[in-house]
Amino acid sequence: MVRIVGAAKASQRIRSLGGPDAVRLVGAALFTGGERITTDAQISITRGSISGKNHVPSAPGDAPNNDTGVLANNIETVQTGPLKVTVSSNAPYSIELENGTSKMAARPFMRPAAIRNRDAVTELVRRAVNKALRR
């Protein structure tokens, strides 16, 4: 999970400065950012993969190659509060793939997607905050 340092303090400030409209704008930007991360993670799993009999596992350190579609289809973005979004993979083996085990090297897909999209999501939120403050 990728956490934003100072998120609670920023949320409180947005609420106090801009009211409900600001919360709505920033919340929408956060959700859009979460969807960017979700899509990026799904693409990293499905790009170039072969399912079924000819499936080839990914190399350690690379995103897992899609086989049955369970992993890619179980990544979701959920708005858990007005200014809080969670992107998660709910496939039963997600944690083992992301972090590795004593018998298998990690095949990360969520953390790299979050890192690749960090600047774009930050920009989306920054624009939403600026727009809210101008109103």
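## Arg126 and the basis of the model

At 41% relative accessibility, Arg126 counts as partly exposed, because that class lies between buried, under 20% relative accessible area, and exposed, over 50% (1.4 Å probe, protein chains only). Arg126 lies in helix 4; helices here are DSSP runs of H or I with at least four residues, strands are runs of E with at least two, and both are numbered from the N terminus. Arg126 and Ala105 are 21 residues apart in sequence, and their C-alpha atoms are 37 Å apart in space.

This is a predicted model, in which local features need pLDDT of at least 70, side-chain atom pairs count only at pLDDT 80 or more, and totals for chains, interfaces and linings use all residues. Residues are numbered from 1 along each chain as its sequence is written, and side-chain values use heavy atoms, with hydrogens and water left out.

## Overall layout

The protein chain has four helices and two strands. Read from the N terminus, the order of these elements is α-α-β-β-α-α. The C-alpha trace spans about 55 × 25 × 20 Å along its principal axes.

Of the 135 residues in the protein chain, 34% count as buried. The accessible surface comes to about 8600 Å², and 55% of that belongs to carbon and sulfur atoms; such areas come from the Shrake-Rupley method with a 1.4 Å probe, and for residues only the protein chains shown count as cover.

## The strand pair

Strand 1 (residues 75–81) and strand 2 (residues 84–89) run antiparallel and are joined by six bridges. Two strands pair if DSSP finds at least two bridges between them. A hairpin connects strand 1 to strand 2 through two residues.

Which residue of strand 2 stands opposite Gln79? It is Val85. Gly81 stands opposite Lys84, also in strand 2.

## The nonpolar core

A nonpolar core is a set of buried Ala, Val, Leu, Ile, Met, Phe, Trp, Tyr and Cys residues joined through side-chain atoms within 4.5 Å. The largest one in this model has 21 residues, and those with the most contacts inside it are Val26, Ala41, Ile45, Leu71, Ile75, Phe109 and Val125. Helix 1 (7–46), helix 2 (70–73) and helix 4 (110–134) each supply at least two residues of this core. Helix 1 gives the most, with seven residues.

Ile45 shows which parts of the chain meet here. Leaving aside neighbours within four places in sequence, Ile45 is in contact (heavy atoms within 4.5 Å) with Pro64, Asn65, Asn66, Leu71, Ala72, Ile75 and Phe109. For the protein chain as a whole, among contacts between residues at least 6 apart in sequence, 55% join residues at least 24 apart.

## Two buried residues

Gly69 is found in the loop between helix 1 and helix 2. Is Gly69 buried or exposed? Gly69 counts as buried, because its relative accessibility is 10%. Gly69 and Ala91 are 22 residues apart in sequence and 9.9 Å apart in space, C-alpha to C-alpha.

Ala114 is found in helix 4. Ala114 is buried, with a relative accessible area of 10%. The C-alpha atoms of Ala114 and Gly33 are separated by 9.4 Å, although these residues are 81 residues apart along the chain.

## Charged side chains

The protein chain has 19 positive and 10 negative side chains. Lys and Arg count as positive and Asp and Glu as negative, while His and the chain ends are not counted. The place of a charge is taken as NZ of Lys, CZ of Arg, CG of Asp or CD of Glu. The centres of the two sets lie 8 Å apart.
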